[in-house]
Amino acid sequence: MSDTRAPRRVVIAGAGGRDFHNFNCVFRDNPDFDVRAFTATQIPGIDDRRYPAELAGSLYPGGIPIEPEQDLLKIIADESVDEVVFAYSDVSFDHVMTLGSRVIAAGADYRLIGANATMLRSKVPIIAVGAVRTGSGKSQTTRRIADLLRAAGKHVVAIRHPMPYGDLRRQVVQRFATLADLDLHECTIEEREEYEPHIQRGCVVYAGVDYGKILAQAEQEADVILWDGGNNDLPFYRPDLEIVVADPLRIGHERRYHPGAANVYRAQVVIINKVDSARPEDVKALRASIAEMNPSATIIEAASPMTVDEPERVRGARVLCVEDGPTVTHGDMAYGVAAITAKKLGARELVDPRPFAKGDLARVFAKYPHLREVLPAVGYGDEQVADLAATIEASDADLVLIGTPIDLRRVIDFSKPALRVQYELQEIGQPDLRSVLTERGFL
């Protein structure tokens with residue numbers, strides 16, 4: 001007898017990254033499911049479009065609509081949805097289960113897809129770097145690992161967690177080998193912050209939408225693939241070594257955020273970063289928490305020392321601190337490296353950017369009321385970039401201190417005097433990354 005059950009009607013709740021990967025791995029060309037929509041949150045400007053037919057597979061000749069998450073309950077009712085799949089990251093357990101309770105009350109099942117179902121296997125060794133929270137120090141960790149591997153003669157290719165905010169059909173596989181490639185692909189500020197430091201070190205970066213196709217291409221030119229896992233997500237590839245960065249400035253988050261807690265439980269190595277900025281008792285408490293959650297993990301302590309050219313210009317100045325956008329918005333940090341550095345160098349005042357916020361920046365501050373002394377470097381489109389530049393220009397600061405992973409002066413224009421904070425990972429004592437990579441056969 002043939003199986004005549006109707007396919008389960010599904011909505012995937014995402015943010016333009018993990019949601020597409022889950023679809024590609026579990027739902028594409030799978031007749032047991034009928035994906036009625038994606039919903040989008042966290043990132044502005046990615047809703048009200050479609051996952052294109054070219055990527056959606058044979059079952060979706062018209063593509064799949066992407067709707068605002070605020071319409072999720074209406075979609076469940078209108079489309080008789082059987083199941084909602086939660087597929088984004090860096091969110092509290094409370095957020096995950098509050099949404100789950102609303103979905104269940106609306107009559108649908110609520111599902112989290114595990115790592116094994118969505119981690120692709122590679123022919124090339126994979127080192128995965130993730131984090132407990134956005135802004136923990138993953139970027140400088142991946143740079144440090146890449147430097148060690150390259151110094152050992154390895155050809156390293158980085159594959160970055162997706163940030164597909166433009167035309168998805170043009171972003172199936174993206175390869176970045178030069179800074180000109182960033183312009184070619186019309187990268188946002190957030191994308192530039194993640195790709196540019198790798199490119200400047202001579203490391204090719206891949207990103208995009210279809211991570212099976214990305215892997216197949218990257219394998220052709222890599223001795224080692226470095227999975228650069230943004231937004232503290234689970235790895236898209238099955239790692240040979242999994243490293244997770246934890247933040248003692250947000251003690252307790254290692255147990256209360258998704259999938260950061262899962263990352264800690266899975267990790268072979270956990271790096272406690274920012275020990276130079278955190279209170280010793282918080283570093284000790286985080287170490288004890290990690291040891292309890294994952295007794296077999298190797299724990300490395302590290303600092304991220306900050307440097308500024310002409311630091312004497314900061315002393316006594318009224319400083320506008322511009323910070324990495326994701327870290328201080330959905331990463332929940334009220335400050336970043338620019339604010340920490342300004343205070344250490346004797347700034348007279350951290351200028352409150354809110355009275356000067358233009359356009360979409362005013363909406364950002366309304367959404368994230370914990371931000372009072374820093375300006376998030378949001379820039380997901382030309383309009384936001386223009387608003388960011390206008391906000392900086394309108395401020396009455398003596399000096400702008402840039403704490404983003406790239407020098408914003410190359411991508412936005414403003415006339416205010418500015419300095420940039422730079423930072424790299426510096427392991428303290430043993431074990432360190434060199435010893436871990438050597439022990440595991442990478443060096």
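1. Glu196 lies in helix H7, which spans residues 189-200. The model discussed here is a predicted one. With a relative accessibility of 4%, Glu196 is classed as buried. Apart from neighbours within four places in sequence, the residues in contact with Glu196 are Leu179, Leu182, Ile406 and Arg410.

2. Strand S1 (residues 8-14) runs parallel to S5 and is joined to it by 5 bridges. Within this pairing, Ala13 has Phe86 of S5 as its bridge partner. Strand S7 (residues 109-112) likewise runs parallel to S5, with 4 bridges between them. Here Val85 stands opposite Arg111 of S7.

3. The cysteines deserve a separate remark. A disulfide is a covalent bond between the sulfur atoms of two cysteines. How many disulfides does a search of the whole structure find? The search finds 0. For Cys187, the closest cysteine sulfur belongs to Cys203 and is 15 Å away, which is too far for a bond; a disulfide would require the two sulfur atoms to be within 2.5 Å. Cys187 is buried, at a relative accessible area of 8%, and Cys321 is buried as well, at 0%.

Key. Residues are numbered from 1 along each chain as its sequence is written. This is a predicted model: local features need pLDDT of at least 70, side-chain atom pairs count only at pLDDT 80 or more; totals for chains, interfaces and linings use all residues. Side-chain values use heavy atoms; hydrogens and water are left out. Buried means under 20% relative accessible area, exposed over 50%, partly exposed in between (1.4 Å probe, protein chains only). Helices (H or I, at least four residues) and strands (E, at least two) are DSSP runs, numbered from the N terminus. Contact means heavy atoms within 4.5 Å. Two strands pair if DSSP finds at least two bridges between them.
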